Amino acid sequence: MIEFENLSVRFGEGAGRVAALSDFTLSVGEGEAVGLVGESGGGKSTVLRTLAGLAPVYGGAIRLDGRVLGRRRDRAFARRVQMVFQDPYGSLHPRQTVAGCLALPLRIHRLGDVDARIAAVLNDVGLGLEYRFRYPHQLSGGQRQRVAIARALMLEPGILLLDEPTSALDVSVQAEILNLLARLREERSLSYLFVSHDLAVVAHLCDRLGVMQGGRLIETISAGDLRAGRSRHPYSQGLIAEAAALA
Amino acid sequence: MSAAELLRIEDLRVSFAGDAGRSEAVRGVGFAMGREKLGIVGESGSGKSLTARSVLRLLPPGAVMSARTLTFDGTDLMALSARAMRRVRGQRIGLIPQDPKFALNPVMTIGRQIAEAVRLIGTSRAVAKERTLDLLRDVGIEDARRVARAYPHELSGGMAQRAMIAMMIAPDPALLIADEPTSALDVSVRRQVLDILDGLIEDRGMGLVFISHDLGLVGAFCDRVLVMYSGRIVERCEARALAHARHPYTQGLLAARPRLKVPVAVLPVLERDPAWTDDGEPAP
């Protein structure tokens with residue numbers, strides 16, 4: 001349902017021009033969880049940002065449910081695709097309560113049953129109703145990320161774009177969020193495009209991974225093949241060795 | 001652990017003023033170390049950074065520290081004047097921060113910053129310049145002259161962290177404190193920086209306090225490990241024995257990590273026992 005075809009993204013002009021993404025081709029099927037791994041500057045976040053309409057496309061195309069996406073993202077797109085960011089400290093408005101934050105997408109899309117929907121989604125992400133009136137600074141990092149996930153679910157999208165959603169969290173809290181994401185995916189038949197620098201985290205949540213280096217997709221590999229060390233590319237093999245050494 | 005004791009801490013406490021009186025963030029921590037690599041692990045808020053920074057008496061505003069013993073290389077650090085303490089910081093004990101981009105001076109070249117550290121021990125400008133280039137080569141930077149002329153923003157994260165290490169080892173300190181030194185770095189660069197750090201500590205016979213939230217990293221890199229929870233040390237062990245940790249908190253942290261070679265459907269979640277708060281070694 002998502003297809004990236006020969007996508008290129010460039011930033012800057014003239015001699016300072018950087019190719020953030022070159023000739024990127026990948027598809028994500030219905031209900032599939034696909035991970036993107038690699039080191040900083042590899043282009044993995046740029047893929048998500050381009051799909052969300054936050055980075056300019058230079059060449060190639062992105063198709064969503066068979067239709068080519070243009071320059072602007074409309075409301076229908078927001079109801080289909082939502083994004084969760086790395087830093088829940090930065091992505092929630094500090095002067096907005098949890099309920100205010102969750103109600104906003106409903107207001108924009110003129111949906112009713114606000115209280116009932118908020119109660120249902122809070123329950124879904126494992127937060128009690130009493131959290132409705134709290135501000136972000138009254139929540140722990142894990143609770144904030146639960147709110148960010150709840151916000152992404154408000155419009156009942158089919159696709160979540162997850163950009164390092166557990167990298168700012170302690171390992172015990174990371175486990176809770178990864179379990180939550182796995183359960184939500186099963187219950188709601190969600191598709192994930194999941195970006196992380198942590199191979200073990202991506203292999204845990206995803207069926208298939210793309211390894212990125214220097215703005216290029218150098219290999220796609222199933223989680224099973226990755227675990228078994230059946231990678232063909234030396235760069236991926238290096239990442240796998242490093243991840244295994246610290247387990 | 002080498003025979004000579006480098007650092008001894010007994011009953012270290014750090015507290016902050018809060019709404020309901022003072023609250024203790026470090027609650028009676030004690031350990032002794034020699035010229036070895038000692039890891040301190042724990043989650044955010046466990047008190048690991050405060051413990052390490054207490055050695056330098058560098059704490060956030062409002063923090064109050066006390067210790068029955070805080071001895072470094074035979075000197076009672078608690079008894080030193082602010083002036084004498086400044087001579088310990090940087091010269092006898094170096095601090096490597098998580099993100100060198102915030103710690104380096106953005107408007108001064110790398111070479112001048114390192115030379116400044118070299119001149120602390122009193123050498124001429126010309127000698128300091130040569131010594132700076134040697135130090136940059138010691139941390140594995142081949143084109144030392146180019147890097148010495150560069151400003152911090154012109155360097156990659158790994159290169160900047162190496163420059164930071166070069167600056168910290170310039171006065172030949174006896175102890176390095178590294179606070180999450182590789183958390184901001186990519187994995188391939190992390191390996192290089194750790195190898196450089198390891199080589200320096202070996203060659204110069206320094207001690208290292210290595211603070212990290214990453215149990216796998218500490219287990220692979222350090223000699224001994226202290227595990228902190230809620231301001232206390234709840235477990236101490238040899239780093240290679242970390243996988244067989246006995247405290248349920250350490251076991252819980254190890255189990256909660258997704259592991260590449262050991263897939264599980266649902267990750268075990270840490271169930272915190274209120275009793276852990278009183279574990280560890282309270283002051284006698």
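Author: Chain B has ten helices and eleven strands. Helices here are DSSP runs of H or I with at least four residues, strands are runs of E with at least two, and both are numbered from the N terminus. This is a predicted model, in which local features need pLDDT of at least 70, side-chain atom pairs count only at pLDDT 80 or more, and totals for chains, interfaces and linings use all residues. Residues are numbered from 1 along each chain as its sequence is written, while chains are lettered from A and ligands numbered from 1 in the order in which they are written.

First, the whole of chain B. Its C-alpha trace spans about 60 × 50 × 40 Å along the principal axes. A compact globule of 284 residues would have a radius of gyration near 19 Å, and the 20 Å of chain B agrees with that. The radius is taken over C-alpha atoms, and the globule rule is 2.2 Å times the number of residues to the power 0.38. Of the 284 residues, 42% count as buried. Buried means that 20 or more other C-beta atoms, placed from the backbone, lie within 10 Å of the residue's own; exposed means 12 or fewer, and partly exposed lies in between.

Contacts come next. Two residues are in contact if their C-beta atoms, placed from the backbone, lie within 7 Å. In chain B, 66% of the contacts with a separation of 6 or more are between residues 24 or more positions apart.

S7(B) has a partner. It pairs with strand S8 of chain B, residues 175–179, in the parallel sense over four bridges. Pairing requires that DSSP finds at least two bridges between the strands.

The contact takes 24 residues from chain A and 24 residues from chain B. On the side of chain A, the elements giving two or more residues are helix H7 (171–188), helix H8 (199–205) and helix H10 (234–245). H10(A) gives the largest share, seven residues.
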